[in-house]
Each structure stands twice: as structure tokens, then as C-alpha cells.
Amino acid sequence: MHKLIGLIALLAAAALPGAALAQKSFDVCWSHYTGWEPWAYADEKGLLKKWAAKNGISVKLTLVNDYVESINLYTAGKYQACAMTNMDALTIPAVGGIDSTALIVGSFSNGNDGIVIKKGAAVKDLKGRKIKLVQFSVSHYLLSRALALNGMRERDVTLVNTSDADIASLFLAERDGAAVTWNPMLLKARSGKDVTLIFDSSKTPGEIIDLMVVKSNAPDTLKKTLAGAWYETMAVMSGQDKASRDALAFMAQKAGGTLAEFEAQIKTTRMFYKAGEAAAFVRGPELRKTMEYVRSFSFEHGLYGQGAKSKDAVGIAFPDGGTLGNAKNVKLRFDAVLMQAAADAKL
Amino acid sequence: MNTTEQLSALRQKNLLHIENVYKQYGARVVLDNIDLSVARGELCTVVGPSGCGKSTLLRIVVGQEAPSSGDAFIEGAPAGYPDATRGIVYQKYSLFPHLTVLDNVLLGKVLESSIFGRVRARREHRDEAMQMLERARIAEHWKKYPHELSGGMQQRVAIAQALIKKPRIVLMDEPFGALDPMVREDMQVLLLELWEEYGMTVFFVTHDLEEAVYLGTRVIVLSQYYIDDRGAAAEQRGAKIVADHALPRRAFSTSVKSSPEFIELAAEIRRAGFDPTGARHVTQFNLSHPDSFQTLTAAESRALRAQEGP
Amino acid sequence: MRRYLFFGVHADPPPWLRRLAAALPFVLLLALYLGASQLRLAENPDDKILPSLAQMADAVQRLAFRPDPRSEEYVMLKDTTSSLARLALGVGLSAATGLLLGLNMGLFPGMGAVLLAIVTFVSIVPPLAILPILFISLGVDELAKVALIFLGIFPLITRDIYNTVAALPREQITKALSLGANELQLAYRIVLPQVMPRLIETVRLSLGAAWLFLIAAEAIASTDGLGYRIFLVRRYLAMDVIIPYVLWITLLGYLIDWLLRLALRRLYPWYQA
Ligand SMILES: Nc1ncnc2c1ncn2[C@@H]1O[C@H](COP(=O)(O)OP(=O)(O)OP(=O)(O)O)[C@@H](O)[C@H]1O
Ligand SMILES: [Mg+2]
């Protein structure tokens with residue numbers, strides 16, 4: 001049903017092309033995930049408003065409860081920026097022709113995503129198992145990487161597409177279950193009896209990256225606002241003082257868990273508290289390799305859509321000016337300029 | 001008349017026997033001390049004002065409802081639950097909508113067989129059923145479903161359906177009540193023919209005086225209009241049999257309905273049962289039928305006690 | 001007297017006008033869609049949200065008429081048979097159970113006394129709310145999906161059959177007994193055939209809910225099925241697959257309904273709804 005409502009909204013959006021150019025108020029969305037909880041803090045503690053005022057615009061941040069829906073809404077044009085992972089940024093907006101920029105690289109998963117199994121000890125034991133996961137998500141990607149690193153193929157297992165909300169309890173209810181998921185579900189799944197974590201994202205660090213993605217043609221004022229608010233939040237969070245503890249407690253509460261749980265999740269998330277680190281990461285050689293993996297995986301799994309002849313159909317640009325794929329059709333841009341500006345306190 | 005031995009003899013002799021029957025729904029008394037005995041071969045009509053309890057009486061005879069107190073007997077045995085001893089024809093719902101005319105008539109026979117004997121039972125009794133339909137003059141519609149038939153045609157089938165089981169007594173509750181006058185007279189004639197031919201015993205409920213007088217060998221008038229010695233508030237009381245007498249058997253021709261005797265008889269029954277101002281005392285009812293009896297309580301009739309005196 | 005073609009309570013539109021009028025909203029909807037789709041695609045040729053007819057036809061061609069390169073199966077066929085099997089099993093079990101329970105509850109007051117309250121209770125429990133419990137207790141395979149459909153619709157079927165039986169005129173039952181029926185014959189020779197068409201009607205009405213439960217179950221955990229596919233490709237916004245699938249589901253639903261209606265007319269000619 002909401003597809004239909006969405007459709008009508010789209011028709012309206014379609015009728016007003018170019019309305020974005022002169023606008024002064026912007027809609028930004030996010031969904032719950034450890035690495036994005038700071039956005040709730042930035043919004044509710046007034047940091048976002050402050051930076052928006054500084055740039056002479058207004059920004060409305062909306063929490064969309066469903067992660068995929070938030071990206072779909074961004075892709076459909078309802079939001080000018082949205083929090084998502086590198087893989088989804090490629091397969092949904094970029095492949096959908098929406099020129100998007102990874103404005104802020106906030107963190108990467110460093111153990112936050114993992115593969116759990118009952119009655120087993122290694123990735124090899126997945127052979128012949130039914131594995132619950134959200135197909136085509138970063139979990140799927142992680143599994144694919146884990147299998148490849150162990151000389152296995154996806155054909156060696158059966159995939160059961162399972163909604164993320166139920167994955168932990170379904171996994172725990174089964175005697176010989178296997179699942180790929182992320183925190184906080186991963187924590188819950190690991191808490192069960194006879195459960196072994198056989199692989200996690202710390203074994204392939206830096207491949208599952210949490211971004212704030214913005215439309216490439218959005219004005220600088222919006223980009224600066226988001227970057228400014230984010231890195232001010234990061235500064236609060238990473239301090240060793242009471243303000244930092246309060247911020248963490250606030251985020252834990254927003255995430256719907258205890259402070260201890262949230263801190264455990266933060267431990268397996270490599271947060272780029274310093275803008276300089278993030279800028280360096282984006283400029284580094286690893287990102288290119290990662291994106292090569294990601295686009296191969298996506299193309300092989302049909303995520304490029306049926307029209308795509310090869311994984312080169314969509315171009316991915318990097319700060320050094322190099323590209324992966326079609327340089328004439330760049331739709332996903334990694335850009336360090338604003339992160340660098342934040343690092344240099346020039347926002 | 002009312003000694004215990006006499007009553008017991010009547011109960012044994014007659015096909016249908018009802019004694020001291022009361023029926024009430026909550027506080028509302030519908031039937032008030034009904035006594036009734038019907039001999040074999042009788043075509044006994046029951047007539048009375050609308051809502052007086054005729055259908056209730058019939059349901060008790062059928063066994064669909066139990067009396068609040070008192071007893072009903074069929075051939076001297078307690079009436080019990082509905083069974084094949086009593087055939088029924090209602091004003092509607094007699095036919096099963098999911099069966100064709102032929103299957104409706106065959107049903108009574110098919111039900112006698114086991115699951116496996118069904119097909120054979122149908123084949124064996126087919127001719128008999130067709131004959132029944134023939135007799136009811138509805139045979140050419142044997143393939144149709146009930147909803148494809150007119151009201152009169154449906155009642156023909158219903159009669160055939162009940163008769164094929166050769167029940168000891170056929171109970172009919174206003175079977176022709178929904179038919180228009182012409183069809184109705186046809187059906188009345190048909191009923192008389194079948195009654196004579198099969199020697200049936202019929203208990204026929206109607207609120208139509210003429211029908212009751214025309215069809216019956218005996219008429220029973222059920223009515224709440226009567227006087228007794230229990231004091232005022234008589235409208236709270238249940239119905240009693242206020243008249244019960246034999247009817248002269250005339251020709252089948254419906255033309256008798258316009259004869260003076262017929263008209264006088266109908267008028268008399270109307271006075272006895274349908275006219276509140278004509279209400280009589282319980283001791284004054286015309287209960288001249290030889291099988292008729294009355295078990296009045298002391299409270300109902302102090303006068304009776306005084307009369308019988310020492 | 002003037003007869004209006006279209007407007008007012010006295011209007012009596014001729015058949016051609018009726019058909020035209022019925023087609024009009026569909027045509028409008030289609031035109032609206034095509035217009036909007038074209039607009040969006042003109043602005044962004046890679047737009048996935050309102051795919052063109054050609055794009056959808058391509059997707060159907062790929063899913064329905066070409067085997068999947070990896071599994072070598074026809075994806076849409078596999079999805080359809082999986083979903084229909086679940087639907088048939090769930091609805092079939094519900095119908096059988098509902099018929100048996102409802103019939104006995106309606107005919108035998110003792111059974112009614114035992115079961116009526118619990119069936120009413122179960123029918124009020126929202127099945128989707130207990131979906132996770134179902135999956136956890138019955139596993140993620142077929143059983144839980146069939147169970148969801150079953151739990152979702154059997155109480156309603158039971159209650160409907162119960163009401164139908166309870167509403168049968170008392171006279172019919174008396175009548176059957178007077179023709180020599182015993183209680184078993186009463187239940188299975190007299191009452192059962194009379195509620196069968198009602199059962200078909202109830203199943204027809206329950207099918208909408210059954211589809212809903214089926215798709216909900218497939219969305220939570222599945223390896224194939226129509227609902228599974230829709231939720232899967234939603235992951236990368238493949239509206240060119242989702243829209244044809246939705247239309248296909250609608251068509252299947254309509255077809256099943258039509259078949260049941262046909263069965264009702266053929267098998268129970270005496271039954272007038
Ligand atoms: N199940 C019942 N519960 C309560 N009252 C009832 C019930 N059945 C009948 N009655 C009442 O008993 C009275 C007699 O009903 P009954 O149907 O026997 O009358 P009747 O003489 O057959 O009337 P009619 O000529 O209209 O058929 C009516 O007042 C009716 O309201
Ligand atoms: Mg009556």
C-alpha cells in the first residue's frame with residue numbers, strides 16, 4: 001500500500017524537477033545502526049541546527065524505521081541525504097542513476113557484522129547448511145567474502161532470506177542454525193548456547209563502511225552543515241569526560257539498549273572520531289580494492305539490474321581522480337574535501 | 001369418563017395420546033393442560049387463532065420439544081425424539097434444497113441403507129418414489145431442485161416425501177398456508193384422496209376454519225379464549241382445547257364449502273374459539289367427540305367439583 | 001419518459017457503456033503511470049522507481065521464460081509453485097478443519113459448548129503478531145508458513161460454518177429425523193452437503209487474508225516464493241520485478257476466485273448466494 005502512496009509522492013516529485021536548486025531547507029534521513037546513532041545526538045542536542053544556521057539553511061533530520069526503505073526514499077528523491085553503507089550506496093542510488101557522494105565516512109565495521117553457527121567451529125562447517133541472512137545486504141557480502149577466503153562457493157550453502165528483526169531469535173531456536181547478521185542482533189545470537197562466531201568483519205576490515213551519502217548536486221551549504229555537525233558530535237563522543245559518557249548514554253538509549261551493550265558495539269565499530277583519519281582512509285589504496293570486491297559481488301548477484309551488461313556500467317570516483325568502471329557515468333563519488341576541511345577546522 | 005382405567009385404555013387403544021400437557025416459555029404459558037387422544041385413521045384438524053400454540057402442540061407431538069409437564073404418547077409409548085413413526089409436512093423447510101425432487105422423495109428410503117448400499121437403495125426404490133410423485137401429480141418435475149418449483153408443487157413433493165416412509169401418523173403444520181386459494185383447494189382434494197387411499201392418520205394444524213371443517217373427520221379447537229375459576233387475568237393463561245367434535249364426512253367436492261350446514265359449522269367454531277366475547281367456561285366446552293377427555297384441576301373448576309358433589 | 005445514460009439513480013447504462021466505464025479507471029491509471037514513468041526516465045535514464053513497460057517486459061522475460069543461470073530454474077515458475085503450494089495447503093487445511101469443527105459445533109450443542117469460546121478466542125488473536133513465535137517454534141521451513149495461513153483463516157471459516165449450521169431451520173433437522181436419519185446421517189448426509197457451497201464462499205472471502213499471511217510469512221524467512229522475491233528485490237529497488245509480480249499475484253488471486261465461483265455454480269446448482 002505505501003508503495004502506492006510513494007508512487008503518488010513520486011509523481012509529484014517528478015513534476016517539479018530542479019526544485020532542489022534554489023532551496024534553503026533540506027530533508028535528511030537515517031535509520032538505527034551503531035555507527036549512525038550520533039546523528040540522533042547531533043539533531044536533538046542542537047548541533048545540527050547550529051551548523052545549519054551558520055550556513056543559512058535549515059535541515060530536518062528524519063528517522064526512518066526501515067533501513068532499506070530509507071535508502072529507497074532517498075533514491076526516490078524524498079531526501080537529499082541519507083545514512084547507508086558503501087555497498088547499498090552503490091547498488092541502490094548509484095545504480096538507480098542518482099549521482100551520490102559519500103560525504104562522511106563515519107566508521108567501518110570491525111567485528112560488528114559476523115557469521116555465527118551452532119555445532120560448528122569454522123567457515124568450512126557452513127557446507128550444506130541453511131544460512132539465515134538478509135540477502136543482498138552487507139551480511140550477504142560478508143558471507144560471500146568468507147566463503148571465498150575459504151575456497152567455498154555460495155552453491156555450497158542454502159540461503160534463507162530472513163528479516164533482520166527476527167534473525168537472532170530464529171537462529172537461536174534452531175538446533176543446527178547458521179546466520180549472518182550485524183549488531184545488536186549479532187550480540188544476541190552469540191549469547192546462545194553452543195554458538196560459535198566463525199567469521200566477522202574484523203577479518204576483512206574496512207570493507208563494510210558506514211557513510212552519510214548526499215546528492216552530489218546538493219549545495220555546499222548542506223554538505224558543510226552535515227560535516228560540521230557530525231565532527232562536532234565526534235569530538236564530544238571521543239572526549240574522556242562526562243560529556244562523552246552522557247553522549248554515549250544518550251545514544252545507547254536512542255538505540256534501545258543499555259550503555260554496556262552500546263559500548264560493546266562501539267568496540268567492534270572502527271569510528272573515525274577524527275576527520276583527518278577519515279580523509280586519510282578515503283584517500284588510501286584499500287578503498288579502491290574494497291569497492292572492486294563490492295561491485296563484483298553486486299554485479300554477480302544481479303544487483304545492477306537486468307539492463308547492466310557489466311560491472312563497469314556504473315562509475316565510482318575516488319579522491320585522486322581515478323575511477324572504477326565507466327568514467328563517463330560516475331554515480332558514486334568518494335570525496336575527502338569536506339572531511340579534510342573539517343580536519344583543518346575550515347568548515 | 002375420567003377414571004384412571006378409562007384413560008389407560010384410551011392411551012393403549014389410540015395412536016396419539018396427550019395427557020395433562022403444559023408448555024411454557026419462561027413465564028409465558030402457551031399450552032394449558034391439554035388432553036387429547038386421536039384414533040387411527042382419523043383426519044384430525046386442529047384450528048385456532050393465530051399464536052394460540054398450535055405449532056407448539058405439533059412440535060410436542062413430533063418430539064422436537066418436550067412438554068413442560070404432562071406426557072405425549074404414540075401407540076401407548078412415550079413420544080420421545082423425532083423418528084420415522086411420525087411423518088411431517090411443514091409450511092416450508094420440508095424439502096432439502098440440495099436434493100432434486102426425486103432424491104427428496106427417495107431420501108427416506110436411502111437413509112435406511114448403509115453408506116455402501118446407497119446406490120442400490122436408490123435404484124430399488126426409484127419406481128416406488130416415482131409412483132409417489134405420480135400420485136402427488138408432480139412426477140414430470142422429478143429432475144428439478146426445490147427452488148425451481150412453485151409453492152404448491154413443493155408441497156406436493158413434501159407430501160410424497162413424507163408418505164413414502166409410511167409413517168403411523170402424518171403431522172402437518174399449515175402445509176397449505178402459503179398457497180393461493182386455487183392451488184390450496186387442489187391440494188386439499190389431493191390430501192383427501194391420499195388419506196383415503198393410504199388409510200393414513202393425519203394430524204393437521206391450520207388457522208383456516210374452512211380448511212379445518214372441510215378436511216377433518218374430527219376438529220379440535222385450540223384457543224386462549226375461555227373462562228375458568230382461577231380468577232381474573234385470563235389473558236395470561238395458555239390455550240386449551242375449547243371444542244372437540246366429529247365432523248360429518250361429505251364428498252370431496254369443494255363445492256360443499258358453500259352449503260348452509262358447512263357455513264353454520266364454521267360459524268359455530270368461530271364462536272367457540274376465535275371470539276373473545278364468546279368465551280365459555282371450562283365446564284361448558286363442546287367436547288362431544290367420543291375420544292375426547294378433560295382432566296380439569298380443582299382450581300380450574302370449582303363448579304365442576306360442586307356439580308359432581310356427593 | 002427520458003432514460004438517462006449514465007447519471008442519476010434512474011440511469012441504465014447500455015452494456016457497451018458499462019464496459020467502457022469499467023475500463024476507464026484502468027486506462028487512467030495506466031496513462032498516469034506511463035506519463036510519470038516517462039517523465040522520470042527522461043530526467044534519469046537509470047531511474048528504477050517507475051520502470052517503463054519495456055523494462056518490465058524484459059524483467060518478466062528474464063524471470064519467467066529464461067532459466068536462472070545459477071540455479072537453472074525458471075525463477076517465476078518456481079516462486080509461483082512454491083507460493084501456491086503453501087497457499088493451497090494452508091487454505092485446504094483451514095477449510096477441512098473449519099468445516100469439520102463448524103459442522104459439529106453447530107449441530108451438536110455439546111461440541112458447541114466446548115469449542116465456541118476457544119474458537120472465538122483464537123479468531124481474535126492477530127496472527128501476524130504471533131508470527132515470530134510460529135517461526136521460532138515451527139522452524140523457518142514450510143510448516144510455519146502453512147501454519148500462519150491456517151491460524152489466520154481457519155477460525156473465521158469455522159465460525160462461518162458454525163453460523164450457517166446454527167441458522168439451518170430446526171424444522172429441517174426434525175424433518176430428517178422423521179425420515180429415519182440417525183445423527184451421523186444427519187451430519188454428513190443432510191447438513192454437510194448444505195454447507196459445502198457456503199464453505200466455498202467463505203474460502204473465497206478468506207483468500208485475500210490468506211495471501212496476506214502467505215506474503216508476510218515469506219517476507220520473514222524464505223528461500224523462494226512470490227512474497228520472497230518481492231521482498232528480496234526490494235533490497236535493490238527492482239521495481240521492474242516488483243510491479244509485474246504484484247500484477248501476477250493479483251491475476252492469480254482473481255483466477256482462483258473465478259475457479260471457485262465456477263465450481264460453486266457447477267457443483268451446487270441449487271445454491272443461490
Ligand atoms: N421458542 C419459543 N420461545 C418463546 N416463545 C415461543 C416459542 N415458540 C413459540 N412461542 C410463543 O408461543 C406462542 C404460540 O406459538 P405457536 O407458534 O405455537 O402459535 P401458532 O398457533 O402456531 O401460531 P400461528 O397460527 O401464527 O402459526 C406464541 O405466542 C409464540 O410467541
Ligand atoms: Mg404455527
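Reply: What follows goes through the domain interface and then the chain interface. This is a predicted model, in which local features need pLDDT of at least 70 and side-chain atom pairs count only at pLDDT 80 or more, while totals for chains, interfaces and linings use all residues. Residues are numbered from 1 along each chain as its sequence is written, chains are lettered from A and ligands numbered from 1 in the order in which they are written, and side-chain values use heavy atoms, with hydrogens and water left out.

Me: Which domains does the assignment give for chain A?

Reply: Domain bounds come from an automatic or database domain assignment. For chain A this gives domain 1 (23-108 + 208-343) and domain 2 (113-203), and their C-alpha centres lie 26 Å apart.

Me: How much area do domain 1 and domain 2 of chain A bury between them?

Reply: The size of an interface is often given as the accessible area lost when the parts come together. Buried area is taken with a 1.4 Å probe and summed over both parts; for domain 1 and domain 2 of chain A the value is about 1300 Å², with 70% of it on carbon and sulfur atoms. Ile208(A), Phe297(A) and His301(A) supply 40% of the area that domain 1 buries against domain 2, more than any other three residues.

Me: How many salt bridges does the rule find across that domain interface, and how many between chain A and chain C?

Reply: A salt bridge is a side-chain nitrogen of Lys or Arg within 4 Å of a carboxyl oxygen of Asp or Glu. Across the interface of domain 1 and domain 2 of chain A the rule finds zero, whereas the count between chain A and chain C is four. In one pair, Lys130(A) and Asp141(C), the closest N and O atoms are 2.7 Å apart.

Me: What is the extent of the contact between chain A and chain C?

Reply: Contact means heavy atoms within 4.5 Å, and on that basis 48 residues of chain A and 36 residues of chain C take part. The two chains bury about 3500 Å² between them, of which carbon and sulfur atoms give 58%. Asn161(A), Leu170(A) and Gln306(A) supply 17% of the area that chain A buries against chain C, more than any other three residues.

Me: In which sense do strand 7 of chain A and strand 1 of chain C pair?

Reply: Strands (E, at least two residues) are DSSP runs numbered from the N terminus, and two of them pair if DSSP finds at least two bridges between them. Strand 7 of chain A and strand 1 (residues 221-222) of chain C pair in the antiparallel sense over two bridges, and Thr162(A) has Ala221(C) as its bridge partner.

Terms used: Helix = DSSP H or I, 4+ residues; strand = E, 2+ residues; numbered from the N terminus.
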